[in-house]
Amino acid sequence: MAHVRSLFFKGPLADVENKAITAFKLGRPSDVIWNITNRCNLLCDHCYMAADAHACPDELTDEETMTLVDQMGERGLPALFLSGGEPMMRRNFWEILEKARGYGIRVTVSTNCTLVDRAAAKRLKANGIDWVATSLYGPDDFHDTMVGVPGTRRRVVEAINVLREEGVGVAIKTAISQATWPHVYDLIQDARDLDVGLIYFCDLITAGRSEGEDDGRITAAQWRELADYIIEDLIAGQESGAKGMEWDIGAMPSFIPYVAERFMERGIDVSNGLERLKTISACPVGKGHMNINSEGGIMPCQFAQDWTIGTVRDMSLQDAVAELYKLDLQESKGVCSPDECEYSRICRGCRAKAWQRTGDPMAEDVTCLLHADADRSALAGQIEATPEFVRSAPCSVPGSC
């Protein structure tokens, strides 16, 4: 994940990202994506979890979820993403949300919005929810076919309007694939018309229902076209002083050095973004980021549900952060290695794609957007090794012992 405006300029998520960096430096979890249930009332044909109406047989109990929220709060977790499946289908969704907010954790709810009515929107606002993330894939018929339930897109748009009327920020998510590509620019306009403040574009993850569909991804040239469009939007916003859209990019970490190069060519200072990337790279695996599934499995990345390091039933969050940090000490291989790419430590390549393709999380990311033979000396000259910081011992963090 990479919030492009907040990374290079003073975007709307810069503050929470700074808190995540501080948490990581202190040896604490920087952010958690928690799939609180596998149950879902949709059947999206690209769902990397293959979620459906059934809960996993060993789903965390209500009591276990409350204990887990206590751990998050005691360790000063800055950001929590409540996801699913459809998170609002979990019986104690509101209890989880309200307890997390009671600890001051910044919570984003990732929902298909079909269960969001006026009362739910008001309750989300009352709990201080800044962002609700929901998915749109294209026009009505296309969207409804993709999610498997007629009338869904109309209900999502209605919910977005209600959320905005109640003062809750909305992020639109879409999976970028050959199927959705023809609708991408229309979705951007839809986002603007709906007063949406953030768009999340994620490369197709070939797991779950889309396993084996690598040829469904768009090309590197198409990704660069989209990047160039976003670059122009960011520059226009800086020049006009307008608030502007936040752009979040998932499963395509090479997007960030590509954008940095284009900014450098335009004489734009990218030092703010590069400084952050020296600590938390464009692929956050091993950087305090973790995913927890509905059965308590702890994963380095939500897109690789079969890549686990333990469970919350047998491992504390503090121990999990230490275990995940070991991944950051390893170097990526192939075209993503330090010998082959000067951006290796700020990009890292998508570790989930490497895992899915080879079973080796450190294998090369074959979807890189950059040309290996390009002259990138200007940007590379700004990337200096960061002095190693000493991460806090567990007992120096309040609540860690």
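Two strands are said to pair if DSSP finds at least two bridges between them. The legends below apply this criterion to a predicted model.

**View 1. Strand β6 and its pairing with strand β7.** Strand β6 (residues 169-176) and strand β7 (residues 198-203) are joined by six bridges and pair in the parallel sense. Within this pairing, Ile176 stands opposite Asp203 of β7. Seven of the eight residues of β6 are buried, so the strand is largely enclosed by the rest of the structure.

**View 2. Strand β6 and its pairing with strand β5.** Strand β5 (residues 131-135) runs parallel to β6, and five bridges connect the two.

View 3. Helix α8 (residues 184-193), together with β6 and β7, makes a β-α-β unit. The handedness of this unit is right-handed.

**View 4. The surroundings of Cys40.** A search of the whole structure returns zero disulfides. The cysteine sulfur closest to that of Cys40 belongs to Cys44 and lies 6.1 Å away, which is too far for a bond, because a disulfide requires the two sulfur atoms to be within 2.5 Å. Cys40 has a relative accessibility of 11% and therefore counts as buried.

View 5. As the search finds zero disulfides, Cys341 is in no disulfide, and the nearest cysteine sulfur, that of Cys368, is 6.2 Å away. With 11% relative accessibility, Cys341 counts as buried.

Key:
Residues are numbered from 1 along each chain as its sequence is written. This is a predicted model: local features need pLDDT of at least 70, side-chain atom pairs count only at pLDDT 80 or more; totals for chains, interfaces and linings use all residues. Side-chain values use heavy atoms; hydrogens and water are left out. Buried means under 20% relative accessible area, exposed over 50%, partly exposed in between (1.4 Å probe, protein chains only). Helices (H or I, at least four residues) and strands (E, at least two) are DSSP runs, numbered from the N terminus. A crossover is right-handed if, with the strands pointing away from the viewer, the path from the first strand over the helix to the second runs clockwise.
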